[in-house]
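Please consult the sequence and the structure shown below while reading.

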Amino acid sequence: KAHPVAPSPASALLSGVLTKAGVWGMIALCGSIFRDDARWGAVMLLLGCITMLLGALKALFSVDLKETLACSSMSQIGFIMTGLAMTCILGEENSLAARGVLLHMMNHSLIKLDLFLCAGAVFMNTHTLDLNRLRGWGSKKSFLKTCFLLGAAAIAGIPGFSGYISKTLLHEAIVEGAHVSSLPLAAAEWVFLISGGITLSYMLKLFVCIFTGEAGEKGKKYMGPAGYVSIGCAAALLAVLGLTPYVTMDGIASRGIGFLGAAGFGEAVRYFSFECLKGSLISVSFGGLIYLTVVRRLIMKDGKYRALWPEKLDLEKSVYRPLLERILPELFGKISSLFALNVLTSRLWNGAVRLSGEAAQLFAENALTSRAASGIFKLSSVSSRILSDNSISSRAALFVFRASSVLSHAMDDMLDALIYLLRKTVYRDLGEPVTDSVYLSMPYRVGHFIDRRLERHGRTVPGQNRYARLLVRRVNTIRMTVHETADSLSFALFMLVAAICVCLVYLLFLR
């Protein structure tokens, strides 16, 4: 959710760098604490399959450019998790999986650097991320079209690009694990291939929507020199790495797999043999079929892309936040209170037993004490009888109770009356929410001052472009960005706590 509101360079960092912080934590766990632990690998494999398939489906049904790329990042993290699971399941023979994890982390960062910068160039010129408003915009922009196509081909695992190399290693690790493990890895392999096919279909959806058609403008400058250099270098690197895997990518992998707990580099993989190309061909076939059936026939209607993903299937709002903010705190609170109540009850009971025993012993041994106690009981009995026979005392007590009840009701009503009075006078309700036309104190005044100065110098600014309105919009955008970013960070912290709890439960009770 932070991607659509963040600037494109920030989105490139979010997807390429910050999302790898979680992957780094998973690598540290799988390479040290849970090293060669097949049961932990099974847990990771289940989570990885769910993540890569669910992220791909959300990207397929999204009609927002940057949201599609953000969901794609979620899916690619699932591919990396699947590789980490195989490093635990394969044990000492995990060289393929470790190389695939390391290289796919690197590839995903480079691919999303290219794709998010391309998306930034689109947004800078169109000021929208809605696919229905972007149709055909880049049809005559050959450089941007080529760079986006290179990134799309790389993330879809097309042979000749860097993504194909890392996905081939991950796929071969799953195939190798199927021969040595009793886990249902054949199902995991099909989820892997289908998710790769969905990746191709949603990237094809973006490319066809933005870069095909006749709506584009030719010859108009849409990017500066720095944009050409940064996007061009990122895109070219994907092709160079994909065409020279034995020199570049194997060399990179050999330097980093030790941290993942790999026993050795292993034998070289024949990346362009038929056995390796077969997995890519299956994914490409699935991708073309899904694009023709789901995208063209279901998502598109009357030439427009429809947002068909139900809002109720938002896992953050429907599952994670209720679970972490309400259900688990209430559950653990009730369990702790139950234990605290049991401890307190047992202590009170033990204290009462001891006190009654000591009191009985004291009364039994001391006759004077027993007589004094008898006299106190008799005196209290006589006093209660006098009070009960005295109608004046009982009436006075009844009056006190009634007066206190009336007084408490009056004080309660006075508080409500005071709140009602304040809301109708000092703290009057604001009514409609703040919009662009509301005069925000500082931004509106600064913009209005600039507009007045321009008018004095004979420069008339149209209503939509007046600085007062533009500054108000910019402030609203900044506030929304800060709110969305803070909300995403709080959610990330919740998930961090949940992950720590899962690890602790596994270590204490299941390992």
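## Contact of H5 with H7

In this predicted model, Ile111, Lys112, Asp114, Leu115, Cys118, Ala121 and Val122 of H5 meet residues of H7, among them Leu144, Phe148 and Ile155. Contact means heavy atoms within 4.5 Å. The contact comprises 12 nonpolar residues, one polar and two charged; Ala, Val, Leu, Ile, Met, Phe, Trp, Tyr, Cys and Pro count as nonpolar, Asp, Glu, Lys and Arg as charged, and the others, Gly among them, as polar.

Helix H5 spans residues 95-126 and helix H7 residues 142-155; the two pack at an angle of about 145°, with axes 9 Å apart.

## Contact of H10 with H11

The axes of helix H10 (residues 225-243) and helix H11 (residues 245-256) cross at roughly 100° and come within 6 Å. H10 and H11 are therefore roughly perpendicular to each other (65 to 115 degrees). Leu241, Gly242 and Leu243 of H10 make this contact with Pro245, Thr248 and Met249 of H11.

## Two positive phi values

Most residues other than glycine have a negative phi. Asp36, however, has a positive phi near 60° and lies in the loop between H2 and H3. Asp36 is partly exposed, with a relative accessible area of 41%; His127 is exposed, at 61% (buried is under 20%, exposed over 50%, partly exposed in between, with a 1.4 Å probe and protein chains only). Phi of His127 is also positive, near 60°, and His127 is found in the loop between H5 and H6.

## Basis of the values

Residues are numbered from 1 along each chain as its sequence is written, and side-chain values use heavy atoms, leaving out hydrogens and water. Local features need pLDDT of at least 70 and side-chain atom pairs count only at pLDDT 80 or more, while totals for chains, interfaces and linings use all residues.

Notes: Axes fitted to C-alpha atoms, helices over the stretch in contact; angles between N-to-C directions. Helix = DSSP H or I, 4+ residues; strand = E, 2+ residues; numbered from the N terminus. Parallel < 35°, antiparallel > 145°, perpendicular 65-115°, else oblique.
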